[in-house]
Amino acid sequence: MNRTWCERESDVVQCLRTGSLSHELHDHVLSCVVCAEARSAAQVMLQTASLLRVEDDLPAVSVVWSLAQARKRQIALKRATRPLIFMRALSVVYVVFSAAWFLQYFWRSNFMELLADWNVFEDEATCIAAAIAVLSIVIGAAYLLHDSRRSAERAPST
Amino acid sequence: MDEIFPIAGPVPLTDKEATAMDEHEFRSLYDATARSIFAYLVGVTGRRDVADDVLQETYCRFLVRQPPSMNDEETRRYLFRIATNLLRDRWRRRDDEPWQDVPEDGFSIDMDAQIDVRSAMSALKPRERELLWLAYVEGMGHAEIAAATGLRAISVRMLLFRARRKAAGLLLPKRETV
């Protein structure tokens, strides 16, 4: 039967990692297929590890630290601008719906009749308020759009 | 809504940031763990440039996520886990060849051993190299390997058995004829 595990395997590996096998373990390895395989496999890996020289090639800790700090700032900025992104999307939706509603409204009614019947003096305050609101939203949306484009253009160079 | 910061005024620290590691602590952690993780990455990929990239990304991710309350051993396993996941992402995207020769200056001048080990390492699959490295170079047990790779302990035992048999088979015939 094929054994996949031996309770002495970890002892064999530990001895190979720290030094050489004791006589008792050496005898065990000769009689145990699992431990013999473990010894050969461990030798491949330990030999590879001993042949590699990693000390000279390690990236400097300051480089890694700065990289992580820059990444953290980037994430924090992204998180902080999330409400702006939400407001931008909301304003675009509002402008599109308002435009659609106005167009549909004027399309269905006779535009000139509507203008003649429209009592500007009665609804003046409401109209001015609505116009200011729409204008502010349009200007705000345009500014945000312009700002995001500018940031996107600047992003690759940073 | 604790993730949304006010636009004006100082940005408040989250719980994670309040307990964040400072540069001095990070330096000690890096000194204690970076060598073994870098050796693992070079051993598994056979490429120093890839190992370098993955090592930097590993520590970056660790610092950004910074899981709270971990002891040294758990932190070490967690770093191995991040590194292993990053390697798998690269292999999934087929960014790297399975095992490339490490440049001459990366090895010592023991040429016989070098050729033997290179051919054996090249013949192993990336996952086999990962498991064998963690088991025999890092001395991790099955449970620790499971934690460091994201595999189940029972799968680790079977995969390690197959990898060990394959590695031994690659080396035994050559050594027996010498």
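Rings of Phe, Tyr and Trp (its six-membered ring) pair if their centres lie within 6.5 Å; planes under 30 degrees apart count as stacked, over 60 as edge-to-face and the rest as tilted. The structure holds 6 such aromatic pairs over all chains. This is a predicted model, in which local features need pLDDT of at least 70, side-chain atom pairs count only at pLDDT 80 or more, and totals for chains, interfaces and linings use all residues. Residues are numbered from 1 along each chain as its sequence is written, chains are lettered from A and ligands numbered from 1 in the order in which they are written, and side-chain values use heavy atoms, with hydrogens and water left out.

- Helices (H or I, at least four residues) and strands (E, at least two) are DSSP runs, numbered from the N terminus.
- Are A:Trp65 and B:Phe26 buried or exposed? Both are buried; that means under 20% relative accessible area, while exposed means over 50% and partly exposed lies in between (1.4 Å probe, protein chains only).
- Ring pairs also build a cluster from A:Trp65, B:Phe26, B:Tyr30 and B:Tyr59.

**Where chain A meets chain B**

- Chain A brings 44 residues to the contact, and chain B brings 57 residues. Contact means heavy atoms within 4.5 Å.
- About 4800 Å² is buried between chain A and chain B, and carbon and sulfur atoms give 67% of that area.
- On the chain A side, A:Met45, A:Leu51 and A:Trp65 lose the most area to chain B, together 15% of what that side buries.
- Buried area is the accessible area (1.4 Å probe) that two parts lose on being put together, summed over both.
- The rule finds 8 residue pairs in polar contact across this interface, both residues at pLDDT 80 or more.
- Four helices of chain A each supply at least two residues to the side that touches chain B: α1 (9-18), α3 (33-51), α4 (61-80) and α5 (82-108).
- Which helix gives the most to that side? It is α3(A), with 15 residues.
- The side of chain A that touches chain B divides into 27 nonpolar, 6 polar and 11 charged residues.
- For polar contact, a pair of N or O atoms must lie within 3.5 Å; within protein, one must be able to donate a hydrogen and the other to accept it, and residues adjacent in sequence count only if both atoms are side-chain atoms.
- Ala, Val, Leu, Ile, Met, Phe, Trp, Tyr, Cys and Pro count as nonpolar, Asp, Glu, Lys and Arg as charged, and the others, Gly among them, as polar.

**Salt bridges between the chains**

- Side chains of opposite charge can pair when their charged atoms come close.
- A salt bridge is a side-chain nitrogen of Lys or Arg within 4 Å of a carboxyl oxygen of Asp or Glu.
- The structure holds 15 salt bridges over all chains. Between chain A and chain B the count is 4.
- B:Glu57 pairs with A:Arg71 in a salt bridge, with the closest N and O atoms 2.9 Å apart.
- B:Arg164 forms a salt bridge with A:Glu37, at 3.9 Å between the closest N and O atoms.
- That pair runs from helix α8 (residues 153-177) of chain B to helix α3 of chain A. B:Arg164 and A:Glu37 are both buried.

**Salt bridges within chain B**

- B:Glu128 and B:Lys166 meet through their side chains in a salt bridge (3.1 Å, N to O).
- B:Glu128 lies in helix α6 (residues 126-137) and B:Lys166 in helix α8 of chain B, so the pair ties together parts that are 38 residues apart in sequence.
- B:Glu128 counts as buried, at 13% relative accessibility. B:Lys166 is partly exposed, at 29%.
- B:Glu73 forms a salt bridge with B:Arg76, the closest N and O atoms lying 2.8 Å apart.
- These two are 3 residues apart in helix α4 (residues 72-92) of chain B, so about one helical turn separates B:Glu73 from B:Arg76.
- B:Glu73 is partly exposed at 35% relative accessibility, whereas B:Arg76 is buried at 16%.

**Chain A as a whole**

- Chain A has 7 helices and 0 strands.
- Of its 158 residues, 23% are buried.
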